[in-house]
Amino acid sequence: LPHRADAVAWNADASRIAAGTWNKLFLWSWPDGKLLHEGAWPDYIKGVAFDAARGRLLVGGDDGRVVALDVETLEPAAVADFKTKVWSLAVDPQGDTVAVGRLDGMLTLLDGETLETRWSQRVSPRGVLGVAFLRADRVIATAYDGVLHVVGTENGHVVRRLPHAADLWDVAAGPDGRLIAALERGGRLRLWDAESGSPLEARVQGREVSDVSFHPDGTRLVTGSWAGTLVEWDCSTHGDPHRLGPHLDEADSVAVHPDGHLAATGGVVGAVRLWDLETGELARVWPGNHGFVHALAFSPDGDLLASGDIASKGQVLVRRSADGELVHRLRVGAGGTHAIAFTRDGGVLISAGYDGSLRAFDLEDGALLVERTLSSEILRALAVHPSEPIVATAGEEGFIWVIDTRTWEVSVRLEGHAGTVQD
């Protein structure tokens, strides 16, 4: 997508997906991903929802309106104008009622046919960021106050509050009413058991996620992010998510296999993806890193693939490139690593750390051979000499350290850069 996706929804039979961005409305067929519509909108779109009973697509946003469009012609069928920003909307399963969350903290219920107001209730002193129907008589609202508000649809009375430690941006309820999904500032997807109110788990997308929608069968959901990506998640397993497109997230690191037929990419969700370079198809996905996969390297013979992350307890995972078998889990210090490289013989892995330290590991047993602090700032670049026992590293101080890998002593420090040196 050309801009961040603040609104996304499936239709009832999962044959279409709609998404809204800044000044744009998109509609795709599913599962082939064919783009059916890309059209202009007056302002930011903050909510989209399908009304299966009437064959409509409802759109709301910063222009203060909720517009019901015929899903085939995309012509307006009804309009509600609130004169204040609409940040979220949802349609109940029968299409009788539309819930609207507004910038002024009001939750409003509309008649599904005419979009006339039934009632409005202030549920938060700040904007209502997400709304969803848990069942016909219950609607859920999230706001900047970090609370899941469960509200009765008959009179707007709050019947339950589920406090949370962080702001919750959007919310969705599973079609069977058993599962609640909400998006937390910072890129986390949170799940709750709707009956008990107990939190179940958190999953990380990595960039700010702004909208969430369940698949009609309840086994999957899709999220939209500020990065302009749509990500599909499996609710029944803890498997790695995948993007509706060529890559799930920012491809923050890439490495090519020595034989030239395979490429590895890493991004913000902590997974490594392997791609067939002849067909362009995704070949394998390996989850497991804790954070941003910021560094990737194949061994000189191509047998091993190392992936390093940026996380509070940084690690490098060394796997066999043929089948993903984990060979070593190497700890690389607080903050993780920005660059990794194998020595020419493939027997040692070197890491340039967020904490300014260079580390070398013996790949026979995973033992730490050396840990040398070179800088008070982040090391961001690393290179191994193609024929000599030399490695160079550099970072935010602007210096380049040249190190003899036989002794791991600094041979020379090169100066001259006025700022950060990075790959």
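Me: Is Thr-84 buried or exposed?

Reply: Buried means under 20% relative accessible area, exposed means over 50%, and partly exposed lies in between, with a 1.4 Å probe and protein chains only. Thr-84 counts as buried because its relative accessibility is 18%. This is a predicted model, in which local features need pLDDT of at least 70 and side-chain atom pairs count only at pLDDT 80 or more, while totals for chains, interfaces and linings use all residues. Residues are numbered from 1 along each chain as its sequence is written, and side-chain values use heavy atoms, with hydrogens and water left out.

Me: Where does Thr-84 lie, and which residues is Thr-84 in contact with?

Reply: Strands (E, at least two residues) and helices (H or I, at least four) are DSSP runs numbered from the N terminus. Thr-84 sits in the loop between strand E6 (76-81) and strand E7 (86-91). A contact means heavy atoms within 4.5 Å. Neighbours within four places in sequence aside, Thr-84 is in contact with Gly-64, Arg-102, Leu-103 and Asp-104.

Me: What does the secondary structure of the chain come to?

Reply: The chain has 38 strands and zero helices. Of its 423 residues, 55% are buried.

Me: How many residues has the largest nonpolar core?

Reply: In soluble globular proteins, nonpolar side chains tend to be buried together. A nonpolar core is a set of buried Ala, Val, Leu, Ile, Met, Phe, Trp, Tyr and Cys residues joined through side-chain atoms within 4.5 Å. Here the largest one has 16 residues, and those with the most contacts inside it include Ile-350, Leu-358 and Trp-408. Strands E31 (337-342), E32 (348-353), E33 (357-362), E35 (379-384) and E37 (400-404) each supply at least two of its residues. E32 gives the largest share, three residues. Beyond its neighbours within four places in sequence, Trp-408 has contacts that include Ile-350, Leu-358, Val-391 and Ile-403.

Me: Why does Phe-361 count as buried?

Reply: Phe-361 counts as buried because its relative accessibility is 4%. Phe-361 is in strand E33. Leaving aside neighbours within four places in sequence, its contacts include Leu-330, Val-332, Val-348 and Leu-368.

Me: Where is the pLDDT below 50?

Reply: pLDDT is the predictor's confidence in each residue, from 0 to 100. The chain averages 82, and 83% of the residues score at least 70. Over residues 238-249 the pLDDT is below 50, and this stretch has 38 contacts in the model beyond near neighbours in sequence.
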